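Good morning, and thank you for the time on today's agenda.

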Amino acid sequence: MTPSEPSGNRWSDLDRPPLNATALRRGLLRPGGLWTSLDVVPRTGSTNSDLVAAGGAEGAVLVAEEQSAGRGRLDRTWSAPPRSGLFFSVRLVPGPGVPAERWGWLPLLAGVATATALSRAAGVDTALKWPNDLLVTVDGVERKAGGILAERSGDSVVVGIGINVSLRADELPVPTAGSLALAGAKAVDRDPLLRAVLRSLEEWYEQWRRAGGDPARCGLQETYAAGCATLGRTVRAELPGGGELVGEAVAVDGDGRLVLATAAGVQEPVGAGDIVHLRPAQSQE
């Protein structure tokens, strides 16, 4: 064991084998493709922080078997047992063909790509909570099983994705968390799950980039809305600075903002904030 490896042997939990970096590279790195490098490290503080610090070309993928200082939105921490999930970051360079004001769609794009990939590869119905949480249903209750964090780094955006794959009930960090395994996933082998997510992300990203970042023209806006569990619900938006706004989530606009219809009869777009679902969507009642 090297000093950088997690405590215990790399095969200490036989239900959680390590990722096969060689096979992942063979399956994902190809001439002309988006992904240009893929590294798997046994442990790091944050894959996002590492990629931001490293700089480099588009298409770099960094995966950690364990993160000690994983970050979510609003500087929340993200932790899980070694090899119990997928914790990775990618570097994207939209280029001059995509206006910078449309780069804000990248975390939503990553959410769509991840949710659709997991639905196919794991057989788990995965929904999106605006703007970037991945939800699964465990015992009839929606639980957060993943999240996405995008950070601007010069002319690139580093997108980090964390997914709870095999976490057991006694390992959940908070009662509202979930995992693919607890949601009844047909497969929890992380290698094919990671390949599926990265291939889906490449497909959606290239569509979006070919459309000049236009979320309507590439189908991203419509697909996001179709999979968004927040729409149709009464929600409370806890806004930066301490304010809040309550209303029915009625749309995601062209800028990726959540539009709330308030009791005052006006529609208010929310571009940033923490969203609390107060009531199930009409279609689920």
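What share of the 285 residues in the protein do buried residues make up? The answer is 49%. Please keep in mind throughout that this is a predicted model.

Let me begin with the overall architecture. The protein has five helices and 14 strands. If we take contacts between residues at least 6 apart in sequence, 61% of them join residues at least 24 apart.

I turn next to the interior. In soluble globular proteins, nonpolar side chains tend to be buried together. Here, the largest nonpolar core holds 63 residues, and the members that touch the most others are Leu-180 and Trp-208. Apart from that core lies another one, of five residues, including Ala-80, Leu-167, Leu-172 and Ala-177.

Setting aside neighbours within four places in sequence, Trp-208 is in contact with Pro-94, Val-98, Arg-102, Trp-103, Trp-105, Leu-106 and Leu-109, among others.

Helix α3 covers residues 106-121 and reaches 22 Å from its first C-alpha to its last, close to the 22 Å expected. Is this helix enclosed or open? Because 12 of its 16 residues are buried, α3 is largely enclosed by the rest of the structure.

Just after the helix, Gly-123 takes a positive phi of about 70 degrees. Thr-126 then lies in the loop between α3 and β6. Thr-126 has a relative accessible area of 9%, under the 20% limit, and is therefore buried. Beyond its neighbours within four places in sequence, Thr-126 is in contact with Ala-115, Leu-118 and Ser-119, and also with Leu-134, Leu-135 and Val-136.

Finally, I come to the second largest pocket, whose volume is about 490 Å³. Its lining consists of 22 residues, and those nearest its centre are Gly-104, Trp-105, Pro-107, Leu-108 and Gly-271. Both α3 and β8 supply at least two residues each to this lining; the largest share, five residues, comes from β8. By class, the lining has 11 nonpolar, five polar and six charged residues.

That concludes my presentation; thank you for your attention.

Notes:
Residues are numbered from 1 along each chain as its sequence is written. This is a predicted model: local features need pLDDT of at least 70, side-chain atom pairs count only at pLDDT 80 or more; totals for chains, interfaces and linings use all residues. Side-chain values use heavy atoms; hydrogens and water are left out. A nonpolar core is a set of buried Ala, Val, Leu, Ile, Met, Phe, Trp, Tyr and Cys residues joined through side-chain atoms within 4.5 Å. Buried means under 20% relative accessible area, exposed over 50%, partly exposed in between (1.4 Å probe, protein chains only). Contact means heavy atoms within 4.5 Å. Helices (H or I, at least four residues) and strands (E, at least two) are DSSP runs, numbered from the N terminus. The expected span of a helix is 1.5 Å times one less than its number of residues. On a 1 Å grid over the protein atoms alone, a cavity is a set of points where a 1.4 Å probe fits but cannot get out, and a pocket is an open set with protein on both sides within 12 Å along at least five of seven lines; lining residues have an atom within 4 Å of a point. Grid points are joined across faces, edges and corners, and a volume is the space filled by probe spheres set on the points. Ala, Val, Leu, Ile, Met, Phe, Trp, Tyr, Cys and Pro count as nonpolar, Asp, Glu, Lys and Arg as charged, and the others, Gly among them, as polar.
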